[in-house]
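Biologist: I am new to this structure and would like to go through it with you. Could we take it one topic at a time?

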Amino acid sequence: MAAPLSVEVEFGGGAELLFDGVKKHQVTLPGQEEPWDIRNLLVWIKKNLLKERPELFIQGDSVRPGILVLINDADWELLGELDYQLQDQDSILFISTLHGSRMGAGSTW
């Protein structure tokens, strides 16, 4: 069984509004049979951190288009996207590129 992982999850560009306005979360992911990857992390985020309107963050088993994902300051597209296996102390940043006037209360991105 894989050991628990400690990772930093951060939201920006307005995405933090879906997480009670909290930008940075230091989380400990529980040990599990298979290694943690971004796909599993998104499920965990949806269950444990996301407070409202999941359709603005998740689409299918990935993030919604318009959300940039950086893993340790590198574009996740260079690291395998959903299949990237998390390492202890990784930093994962989700930045909404759909911000500005569309971020008002009651709006849809």
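**Loops, sheet and core**

Modeller: Let us begin with D73, which lies in the loop between β5 and β6. Please bear in mind that this is a predicted model.

Biologist: What is the phi of D73 like?

Modeller: D73 is not a glycine, yet its phi is positive, at about 70°.

Biologist: And is D73 buried or exposed?

Modeller: D73 is exposed, because its relative accessible area is 73% and the cut-off for exposed is over 50%.

Biologist: What about G21, where is it found?

Modeller: G21 is also in the loop between β1 and β2. With a relative accessibility of 42%, G21 counts as partly exposed.

Biologist: How do β5 and β6 run, and how many bridges join them?

Modeller: They run antiparallel and are joined by 2 bridges. L70 stands opposite D75 of β6.

Biologist: Now the largest nonpolar core. Which residues touch the most other members?

Modeller: This core has 30 residues, and those touching the most other members are F11, L29, I38, I45, F57, L86 and F94. Two or more residues come from each of β1 (5–12), β2 (24–29), α1 (38–48), β5 (67–71) and β7 (91–96). The largest share, 5 residues, is given by α1.

Biologist: What is L86 in contact with, leaving aside neighbours within four places in sequence?

Modeller: Its contacts are L5, L29, W36, D37, I38, L41 and I92.

Biologist: Why might such side chains be found together?

Modeller: In soluble globular proteins, nonpolar side chains tend to be buried together.

Biologist: Last topic: what is the mean pLDDT of the chain?

Modeller: The mean is 90, and 90% of the residues reach 70 or more. Over residues 101–109, however, the pLDDT is below 50, although this stretch has 17 contacts in the model beyond near neighbours in sequence.

Key:
Residues numbered from 1 in each chain as written. Predicted model: local features only at pLDDT ≥ 70, side-chain atom pairs only at ≥ 80, totals over all residues. Heavy atoms only, no water. Core = buried A, V, L, I, M, F, W, Y, C linked by side-chain atoms within 4.5 Å. Buried < 20%, exposed > 50% of the residue type's maximum accessible area, 1.4 Å probe, protein only. Helix = DSSP H or I, 4+ residues; strand = E, 2+ residues; numbered from the N terminus. Contact = heavy atoms within 4.5 Å. pLDDT = per-residue confidence, 0-100. Pairing = 2+ DSSP bridges.
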